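Please read the following report alongside the sequence and the model. The text goes through a few groups of residues in turn.

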Amino acid sequence: LRVHRMVSYSDNDIQRQVFVFVFTFLSIIFITAGLLQTVEDYYIPFHDAIYLTVITISTVGYGDLSPQTDLARIVVMVMMAVTFTAIPYQTNSFMNLLALTNRFS
């Protein structure tokens, strides 16, 4: 709720879009890490779940950590689908706002 207030009271549309982009990205990372920690059969520390999520989003995939259960694999697939639709949409909105601004103002 506080994040929504901070974003809604922003004077600049570009600043508002940057906030939305950053909070969307961080939300995807932390929600997926929490879900991975919950659905895995073995104990995975939260920082390892965040590491797995960031490495998966960046499509590097070192292979040192991977989801072991089918439910965890489904969580990762849904996370990738959400990420690959939400982030380009947010980036496109940001680029459209940048195109509407005057360079000299």
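## Salt bridges

R16 forms a salt bridge with D13, and the closest N and O atoms of this pair are 2.7 Å apart; a salt bridge is taken here as a side-chain nitrogen of Lys or Arg within 4 Å of a carboxyl oxygen of Asp or Glu. Because R16 and D13 are 3 residues apart in helix 2, they are separated by about one helical turn. R16 counts as partly exposed because its relative accessibility is 25%, and D13 is likewise partly exposed, with a relative accessible area of 41%. In these terms buried means under 20% relative accessible area, exposed means over 50%, and partly exposed lies in between (1.4 Å probe, protein chains only).

R73 forms a salt bridge with D70, with 3.4 Å between the closest N and O atoms. Both residues lie in helix 4, 3 residues apart, which is about one turn of the helix. R73 is partly exposed at a relative accessible area of 40%, whereas D70, at 57%, is exposed. By the rule given above, the count comes to 2 salt bridges.

## Basis and confidence of the model

This is a predicted model, in which local features need pLDDT of at least 70 and side-chain atom pairs count only at pLDDT 80 or more, while totals for chains, interfaces and linings use all residues. Residues are numbered from 1 along each chain as its sequence is written, and side-chain values use heavy atoms, with hydrogens and water left out.

The mean pLDDT of the protein (the predictor's confidence in each residue, from 0 to 100) is 87, and 90% of the residues reach 70 or more. Helices (H or I, at least four residues) and strands (E, at least two) are DSSP runs, numbered from the N terminus.

## Two buried threonines

T53 lies in helix 3 and counts as buried because its relative accessibility is 1%. A polar atom of the T53 side chain lies 2.8 Å from the backbone oxygen of A49. Leaving aside residues up to four places away in sequence, T53 touches I28, I29, T32, A33, L36 and M79, where contact means heavy atoms within 4.5 Å.

T83 has its place in helix 4 (residues 70-100), and at 4% relative accessibility T83 also counts as buried. A polar atom of the T83 side chain lies 2.7 Å from the backbone oxygen of M79. With residues up to four places away in sequence again not counted, T83 touches I28, I57 and P88.

F84 is placed in helix 4 and counts as partly exposed, since its relative accessibility is 44%. F84 touches I57 and T59, not counting residues up to four places away in sequence. The C-alpha atoms of F84 and I57 are separated by 8.6 Å, although the two residues are 27 residues apart along the chain.

F30 lies in helix 2 and, at 41% relative accessibility, counts as partly exposed.

Terms used:
A polar contact is a pair of N or O atoms within 3.5 Å; within protein, one must be able to donate a hydrogen and the other to accept it, and residues adjacent in sequence count only if both atoms are side-chain atoms.
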